[in-house]
Amino acid sequence: DEKDTDGDQITDDVEVAGFNYAGETWYLNPLDPDTNNDGLLDSQECLQQARENEDTLSPTGKTCQDTDGDDTPDVFDRDDDSDGVPDRVDLSPFSQMDDDGDPFDADAPLLLQVDDLQSDKPVFGLSTAPPERRTPVVRPQRARLAQRRRTRPDSAQIGQQLDLCRRG
């Protein structure tokens, strides 16, 4: 059957048939393009079942990938790469890499260095993330986030403003 009710590029018959992985059978929701509601289409998290185009059928009997090897397929995992950043806000949900291509872990953590801070001045940062992904992941204990829109004359949204300030 070529029907794809939710438009996620995985045909309904394959979604309801399910797949076996780690001793369990997993079923996708043919009425929801994002079964686990993590902001990624099922076909992004389960390329193995995505059809090539609208004239073809989804492959049958294929198991969806498990990027982090935690026995939960990505299509049901809210943090595909186990980097501590939920997929909904992760700019690279399938990898936890630094600038050198090495994964972040306990031995090589993600570090943020800000030089020349002044205790009586706020700190501002600019993110190029689109509006729907502007959720802070790490919040310092004594910091607050003030989300504000910054716009150019053409009204293009270019980021968010972080207001990190000391509380007494």
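Before placing anything on the chain, I note that helices and strands here are DSSP runs, numbered from the N terminus. With that in hand, I looked up Ser 82 and found it in the segment after α2. I also keep in mind that this is a predicted model.

**Entry 1: confidence**

I began with the pLDDT values. The protein averages 75, and 66% of the residues score at least 70. I then checked residues 133-168, where the pLDDT is below 50. Beyond near neighbours in sequence, that stretch has 70 contacts in the model.

**Entry 2: positive phi**

Most residues other than glycine have a negative phi. I went looking for exceptions and wrote down two residues.

Back at Ser 82, I read a positive phi of about 55°, although the residue is not a glycine. Is Ser 82 buried, partly exposed or exposed? Its relative accessibility is 43%, so I log Ser 82 as partly exposed.

Ala 22 came next, with a phi near 55°, again a positive value in a residue other than glycine. I traced Ala 22 to the loop between β1 (19-21) and β2 (24-26). Its relative accessible area is 42%, so Ala 22 goes down as partly exposed.

**Entry 3: Asp 66**

Where is Asp 66 found? I placed Asp 66 in the segment after α2 (42-45).

What does the side chain of Asp 66 reach, then? I found the backbone nitrogen of Asp 71 at 2.8 Å. The backbone nitrogen of Asp 70 also turned up, 3.1 Å from a polar atom of the Asp 66 side chain. Leaving aside neighbours within four places in sequence, I listed the contacts of Asp 66 as Tyr 21, Asp 71, Thr 72, Pro 73 and Asp 74.

**Entry 4: Pro 30**

My last stop was Pro 30, in the loop between β2 and α2. Is Pro 30 buried or exposed? The relative accessibility of Pro 30 is 17%, and buried means under 20%, so I count Pro 30 as buried.

Which residues does Pro 30 touch, not counting those up to four places away in sequence? I noted Thr 5, Asp 6, Asp 12, Glu 15 and Val 16. I also took one distance: Pro 30 and Asp 42 are 12 residues apart in sequence and 9.8 Å apart in space, C-alpha to C-alpha.

Terms used
Residues numbered from 1 in each chain as written. Predicted model: local features only at pLDDT ≥ 70, side-chain atom pairs only at ≥ 80, totals over all residues. Heavy atoms only, no water. Helix = DSSP H or I, 4+ residues; strand = E, 2+ residues; numbered from the N terminus. Polar contact = N/O pair within 3.5 Å; in protein donor to acceptor, adjacent residues only side chain to side chain. Contact = heavy atoms within 4.5 Å. Buried < 20%, exposed > 50% of the residue type's maximum accessible area, 1.4 Å probe, protein only. pLDDT = per-residue confidence, 0-100.
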